[in-house]
Structure formats: structure tokens, C-alpha cells
Amino acid sequence: GIELSESLPHLAGVADDLCVIRSMHTDVPNHEPALVQMHTGVLQPNRPSMGSWALYGLGTENENLPGYVVLRPSPKTVVGPALWSNGFLPAQYQAASVITRDMQVEKLLANIHNPRFGYAKQREQVDLLQALNRHHLDQRPGGSELEAQIQTMETAYRMQIEATDAFDVGKETEATREAYGKSKFGQSCLLARRLAERGVRFTTVYYTSDNDNQPWDTHQNHYKRHAELCADADQAAAALIRDLRQRGLLDETLVVVSGEFGRTPYAEIRNEDKGDAKKLGRDHHHTAFSTVLAGGGVRGGMAYGASDELGMHAVENPVHVHDL
């Protein structure tokens with residue numbers, strides 16, 4: 001009974017796992033503050049991100065990998081590090097950001113291998129440096145940045161072995177890689193699954209590209225562009241949900257699919273496009289949009305809330321981003 005766009009056939013195939021929130025709303029229709037609010041619950045970029053809170057409250061299940069990972073195909077992500085910031089929490093709860101432009105392990109994790117020394121020699125070096133840092137920290141209690149640096153160096157040493165395996169999507173079967181789609185977003189979703197099954201607490205996958213940091217911002221050519229974007233995102237998101245379920249991980253892994261707001265339910269005609277119906281766009285729309293949840297104990301096969309008949313405002317069980 002859940003209505004899904006014809007542009008989302010793959011997600012329609014896993015509808016029994018989906019909770020579609022149709023009554024989302026946020027405070028402003030501008031990208032930067034809306035993105036900050038979607039990640040932190042507030043508009044000002046000074047609060048910890050949801051991933052930092054999850055890591056702080058629940059810890060990590062794998063000390064050899066970062067507990068909070070951000071996967072983004074371009075370093076030009078809108079707003080940037082404020083979206084995955086630790087805010088006022090200790091510095092070790094900041095996310096580890098990984099650029100997924102090239103999915104080769106050596107490109108994903110720069111300098112993951114020491115070109116001169118083996119693990120034993122490196123262990124001696126790290127132990128010496130850590131002892132000096134601990135001595136320095138003992139004389140300056142409360143220094144969260146130095147404490148984070150100590151933990152980061154230890155994680156970096158351990159990552160040499162485990163991360164080269166965890167971040168290598170080439171170890172998946174060709175059928176699995178094809179199921180997610182060979183796009184950067186698809187392969188990043190596959191990598192997110194590999195991290196989840198290895199105990200990484202929180203992973204964020206961004207949909208941006210090298211030449212377009214806001215590909216879904218379709219003020220022009222909306223109908224053509226969204227069909228192309230949906231074909232990619234739909235396949236990857238559905239594959240992630242299906243893969244987690246098949247591996248017995250979906251019940252304990254929450255998947256959230258969302259933008260920072262939606263698009264207007266009416267067309268936008270820009271001056272340069274007057275008379276060209278093919279170039280019609282849609283503007284920012286923050287008073288009613290949808291978010292999809294799957295797994296993590298959320299009840300599937302349901303839609304929660306509703307907008308009015310025009311899709312302008314959330315009118316039934318409205319859900320503010322802060323409450324999400």
C-alpha cells in the first residue's frame with residue numbers, strides 16, 4: 001500500500017522493509033543551514049553531528065577502524081566538515097573523512113602502508129611517541145585534542161592490517177558489485193555495508209560528484225535529471241537494504257535515506273527557460289518532504305504522516321528534522 005515513484009522500482013522491491021516518513025519539515029529552504037540541521041538537529045554549525053553522538057554514546061565495536069566514517073566522492077561537499085563535526089564532544093568523536101573518487105584502497109587511504117618499516121619497527125616508534133605524548137598530557141589534563149591525537153595514531157597503526165581488507169570492495173563478488181551499481185555512490189554504499197559488518201558504528205554516504213556538489217538541486221531540467229539520479233540512487237539504496245537483510249544485519253543497522261529538504265510540488269520557470277517546457281525545474285521546499293528509514297527495529301511496510309493534497313505542508317503527524 002505504500003506509494004512510490006515509478007523512478008524508484010528497486011526501493012519498491014524492498015517496500016516491506018521501508019518506513020516512509022511523508023511529513024518531514026525543517027526550518028529553512030537554504031542548503032547550508034538545512035544540511036547542518038539535518039546532521040545536528042540545529043541550524044548553527046556548533047553542535048555535534050548525529051554520528052558523533054552515536055559514537056560517543058555507544059562506542060565502537062572495532063578498535064582497528066574509525067568508529068565514524070564519512071564517504072564522499074568529492075572534497076567539495078557543501079558545508080563540509082561541520083556536517084560530521086564532534087562539536088563540543090572530545091575530538092576523537094570527529095568522523096574520519098574518506099574521498100571515494102578512486103575506490104582503490106591505496107587511493108582511499110593515503111599512506112596506509114609504511115614504505116620503509118614493518119609492523120614491529122613501527123610498533124616501537126608508535127610506543128615511544130605515545131609515551132612522550134602521555135607524559136605531555138599528564139602535565140596538561142583535559143587536553144582532548146592531544147588525547148584524540150594519541151588515539152588516532154593508535155588507530156592508524158592498527159588500520160594498516162584491517163582497513164586494507166575492510167575498504168577493498170574488490171574482494172566482493174562481481175554479482176554483488178553489479179547489484180549495487182558501478183557508480184561512485186553505489187560502490188560507496190557497498191563499502192558502507194562492509195564497514196557495518198566490521199563494527200563501524202556510523203557511516204555517512206554523500207551523493208555528490210566532482211563537477212556538481214548539488215546534483216539533486218534541479219532548478220532546471222528537473223524531470224530528466226531526477227530520472228537519471230533516481231536510477232543510480234534507487235539501485236544502490238535498495239541493494240544496501242537487501243544485502244544487510246540477507247546477511248542478518250538489517251535488524252541491528254538503521255538505514256536513513258534523505259536530503260536536507262524536498263522540491264516544490266509545482267514547476268519553476270526561470271527567465272532563460274521561458275517557453276521551453278523541457279527545462280522546467282523545481283525549487284527548494286522545506287515544509288513537506290519525505291525521508292526513508294529501514295532496519296534498526298523500525299517498523300517496515302508503512303508510511304508515517306502525510307502532507308496536504310498539494311504536497312505543500314506536512315499536516316498529519318508532522319516530523320521535524322530535530323525530532324528525526
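**Exercise 1.** Determine in which helix Trp53 and Tyr56 lie, and classify their ring pair.

*Solution.* Trp53 and Tyr56 both belong to helix α3 (residues 50-58), where three residues, about one turn of the helix, separate them; helices here are DSSP runs of H or I with at least four residues, strands are E runs of at least two, and both are numbered from the N terminus. This is a predicted model, in which local features need pLDDT of at least 70 and side-chain atom pairs count only at pLDDT 80 or more, while totals for chains, interfaces and linings use all residues. Residues are numbered from 1 along each chain as its sequence is written, and side-chain values use heavy atoms, with hydrogens and water left out.

Rings of Phe, Tyr and Trp (its six-membered ring) pair if their centres lie within 6.5 Å, and planes under 30 degrees apart count as stacked, over 60 as edge-to-face and the rest as tilted. By this rule the count comes to seven aromatic pairs. Among them, Trp53 and Tyr56 are edge-to-face, at 6.0 Å centre to centre with 75° between the planes.

**Exercise 2.** Classify the pair of Trp53 and Phe88, and locate both residues.

*Solution.* The ring centres of Trp53 and Phe88 are 5.9 Å apart and their planes stand at 75°, so this pair is edge-to-face. The pair links distant parts of the chain, since Trp53 is in helix α3 and Phe88 in the loop between β2 (68-72) and β3 (96-99), 35 residues apart. Finally, Trp53, Tyr56, Phe88 and Tyr93 form one aromatic cluster.
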